[in-house]
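Here are my notes on this entry. Please read them alongside the coordinates.

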Amino acid sequence: QLTPSSFLRIGQLSNVDLNEDIHELETEVPRQRPNEIPHNEKLLSLKYESLDYDNSENQLFLEEERRINHAAFRTVEIKRWVICAMIGILTGLVACFIDIVVENLAGLKYRVVKDNIDKFTAKGGLSFSLLLWATLNASVVMVGSLIVAFIEPVAAGSGIPQIKCYLNGVKIPHVVRLKTLVIKVCGVILSVVGGLAVGKEGPMIHSGSVIAAGISQGRSTSLKRDFKIFEYFRRDTEKRDFVSAGAAAGVSAAFGAPVGGVLFSLEEGASFWNQFLTWRIFFASMISTFTLNSVLSVYHGNVWDLSSPGLINFGRFDSEKMGYTIQEIPIFIFMGVVGGILGALFNALNYWLTMFRIRYIHRPCLQVVEAMLVAAVTATVGFVMIYCSRDCQPIQGSSVAYPLQLFCADGEYNSMATAFFNTPEKSVVNLFHDPPGSYNPMTLGMFTLMYFFLACWTYGLTVSAGVFIPSLLIGAAWGRLFGISLSYLTKGSIWADPGKYALMGAAAQLGGIVRMTLSLTVIMMEATGNVTYGFPIMLVLMTAKIVGDYFVEGLYDMHIQLQSVPFLHWEAPVTSHSLTAREVMSTPVTCLRRIERVGTVVDILSDTSSNHNGFPVVESNPDTTQVAGLRGLILRSQLIVLLKHKVFVERANLNLVQRRLKLKDFRDAYPRFPPIQSIHVSQDERECMIDLSEFMNPSPYTVPQEASLPRVFKLFRALGLRHLVVVDNRNEVVGMVTRKDLARYRLGKEGLEELSLAQT
Amino acid sequence: CLRRALLPALALSLALLGLVAAAGPRQTPVLELAEELWSAGLPGDLPELEPECRSLLAAFAEGSAALTGCLGRRARPVRLCQGCHGHYRRLLAQYSSIARAVGNSSESHNCAKSILTSDRLQIVVTLSEFFNETWEAANCANCLKNNSEGLSNSTEEFLDLFNKSLTCFEHNLQGQAIDLSPNNYTEVCKNCNETYTKLNDLYNHLQRMNRQGGESVHSAHLCIDVEDAMNITRKLWSRTFNCSLPCSDTVPVIAVSSFILFLPIVFYLSSFLHSKQKKRILILPKRIQSNANLVNIQEKYS
């Protein structure tokens, strides 16, 4: 229980200077020395802040909203649609660009290596071909990794965890910048061309999101260009909606799955959802896949054909040959179990690897070297597998892009080479559609094993690359193997077409790794273009998720946790009802008075030890004994804009202020508010007063101290809050609940556990 | 669609015919009846074709029989395009003359209609479709001249080389006893290597040319004769004679690959040993320091 004296102290705190505040704190609570620990998963980083999804409803905002009449609102609505169309078009174009460049560069690389291998097979000296292949891969990946490691580290990986966090309300620095987009696109191209076990589909989601965030703002801070359009959307709330549309457009361009894209946004991201938003997002998705389709069809020379809706095309699944019967459903479910176990294994291995990487391989040059090594090893493994394989298939009637003969008889090709000596997308499609008998079981088994470890090793490198395609490929390989052995067991029954099992295996493996449910089912269904597969795919994904969740969590969630991001799940941990807001909140709170001295504000803002972002505003009462009730909430960004424009009471009295501050001034500074250090306040000005009542949010959300954690959580999560003020029954500020206070409670293996805050 | 439109007309005319036949004397042959009707100038379909059409049909039948025979005889080893292109061309001409032919009388009596579309089976169309499809699947157009009269120059060249290499194989095998061990074909390999390499190169060259020229999937193949000839030769060469023995240099490959595979181990070990482990600085949260939290948490699971 709080003693009356501590109440008094909190009441006083709002009035005392900050230096004294810290002083007082130190005397009361003996500060422990900041202890250092190795990185682990049970940390929350201070690096991440929340986004302001809740509009600051101050007087300026209300005035502006009142000025906008009905017709103007309609214009805003039309602008939203225009932006969504532009997001779709640009995302589609970026996808086209990636696809075309990858196709050409990878084609060039494979031709060079193939010619070299053909030459040395006859003459001897294949070790040179191996060196050539490994060096080519390593050097291409080196460039890709260099730009990521040194220019924009946030572009590493698939970007899906980052977008998930963004839509959850966590501000990941640099995640939606133009620079990130450029690095991401180049990085993806280079890592796929570099022959890593990666795909270019996952990063499309990130690219789409960046495009959306960029367009909706009508300007680029990186390029220092302001087009003076869409100024209404320059705030986190609006941006978030567009980013979810961008993510959907990205999925839709990647897989040719517009509905899947919308559901992806729904499942992974947008916690804030309504019918009109869904409809707009769907529009953006459709435009995106249509753009990709039409541009690619022009590129491939068959205009108006519209046959390539996505970056990866699973090809047509003929329903007569590939249909399934009801007896096969238990088999599919069994495949889901296998996929769940393999996915869990994948995630567990990747977890240890990522932990090692965070702890030991944190210098950019080391990261580049690691990526190069992985590229070289990937090439070597591929080469050795091809070299050792004696599985030869007749070249005639097959559609192999780069047939490697190696030790096969003339007129035959090495069938291991179709799997390794190809971009992963093509290999997946080959596994789905090659006629039965194109691969022998030994080849598939070895391929699965090797690719599993390669993909696991590759994910988390400092290159931008996705995990979708490698997972599909692993799954397709073992699924096909499963199908072949099934038809051995049943003495070649007609229904055991291996391509069908390859598809189910791919779904199971992907589901086991990323643990997406609804959206993945729809994506797979749309990518195969066969609605009848919906049911088995759903069953497979469900089983894979259930089985996988029993062991470890999904890859994306795991990486979010390893990055120490304060991520809020849908619900508070189930066993947290006994905790109340009083135990959860941070206290004491640094408060500001309604009319505050400029010097105090500057000091509070420049204090590096307490990097707070929101400050409760209390009644400025000269009498310290009286209760200072909560009057509002003001954000750091607003204070900085106020200081920058020198909106001081004294200046207003002297008629020095040219004009009243408008909401536009706050928007122009968004999203990169200058740091407090860049704002100069002279000694005289420090003595001025600043009136916050016009700018603060006069109706912040508050909770009483007795509110339970789930209740606080629900309010916080549902409204997308950033600060939640805890007050007592006299409306005095007692504490403040922020994202980190809530995210630190997590349901671990041994029940509810608490994460610690750490500087990273 | 056309067929469906014709069906009622057909049924109507048959019914009419039956009616007429029933009305007429029982022993009268249908043919006579038809001629009778014809002379009377009655409208409707007749059981017998006009003579011109009949001859066209007969020509088509003979042509297709000849082509079928040709295709069957030249199925193995595949010589379809070389041997049957004349037959195929003739059949095409016959078919198009049927399709174009207009009988001497009014439009409703032209041969195309009565031969091609007046029944459900439409055997002439089916036959012609079958031949066309076979021809396309074989991709014979690829090794014929543009006007499909005779083989193209490159094909001739290829077949020449092919025959040369076959004779070379035969020639060199004759000197050897039949019961030699299968690996002992060194003579052949040595002597025919030049021809075989030329043939192989020419084939690869043709294939490349073809790929560059055509864009669709179908033209990625050469014509079946050339493909099959090359296939036979390659099989003989590398399977039967075992001539293409690639130099397998396993030792250097193992050395290089184990070197590359060894690098990551070195890398990870060295970074584990030498790199400073990244430490996180714990921040003490500003909270009410009651032990209530921990107690609560522990209570749950005690």
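At what angle do helix α4 (residues 80-100) of chain B and helix α6 (residues 123-138) of chain B pack, and how many Å apart are their axes? The points below start there; note that this is a predicted model.

1. Helix pair in chain B. The packing angle of α4(B) and α6(B) is about 145 degrees. Their axes lie 11 Å apart. The crossing of α4(B) past α6(B) is left-handed.

2. Residues in that contact. From α4(B) come B:L80, B:C81, B:C84, B:H85, B:Y88, B:L91, B:L92 and B:Y95. From α6(B) come B:V124, B:V125, B:S128, B:F131, B:N132, B:W135 and B:A138. Twelve of the contact residues are nonpolar and three are polar. No charged residue takes part in the contact of α4(B) with α6(B).

3. Domains of chain A. The domain assignment puts 78-110 + 157-300 in domain 1 of chain A. Domain 2 of chain A covers 581-758. Their C-alpha centres are 34 Å apart.

4. Interface between these domains. On the domain 1 side of chain A, 17 residues make contact with eleven residues of domain 2 of chain A. About 1300 Å² is buried between the two domains. Carbon and sulfur atoms account for 37% of that area.

5. Salt bridges. How many salt bridges does the rule find across the interface of domain 1 of chain A and domain 2 of chain A? The count is one. A salt bridge joins the side chains of A:R234 and A:D668, at 3.9 Å from N to O.

Note on methods. Residues numbered from 1 in each chain as written. Chains lettered and ligands numbered in written order. Predicted model: local features only at pLDDT ≥ 70, side-chain atom pairs only at ≥ 80, totals over all residues. Heavy atoms only, no water. Axes fitted to C-alpha atoms, helices over the stretch in contact; angles between N-to-C directions. Helix = DSSP H or I, 4+ residues; strand = E, 2+ residues; numbered from the N terminus. Left-handed = near helix turned anticlockwise from the far one by under 90°. Contact = heavy atoms within 4.5 Å. Nonpolar A, V, L, I, M, F, W, Y, C, P; charged D, E, K, R; others polar. Domains from an automatic or database assignment. Buried area = accessible area lost by both parts, 1.4 Å probe. Salt bridge = Lys/Arg side-chain N within 4 Å of Asp/Glu carboxyl O.
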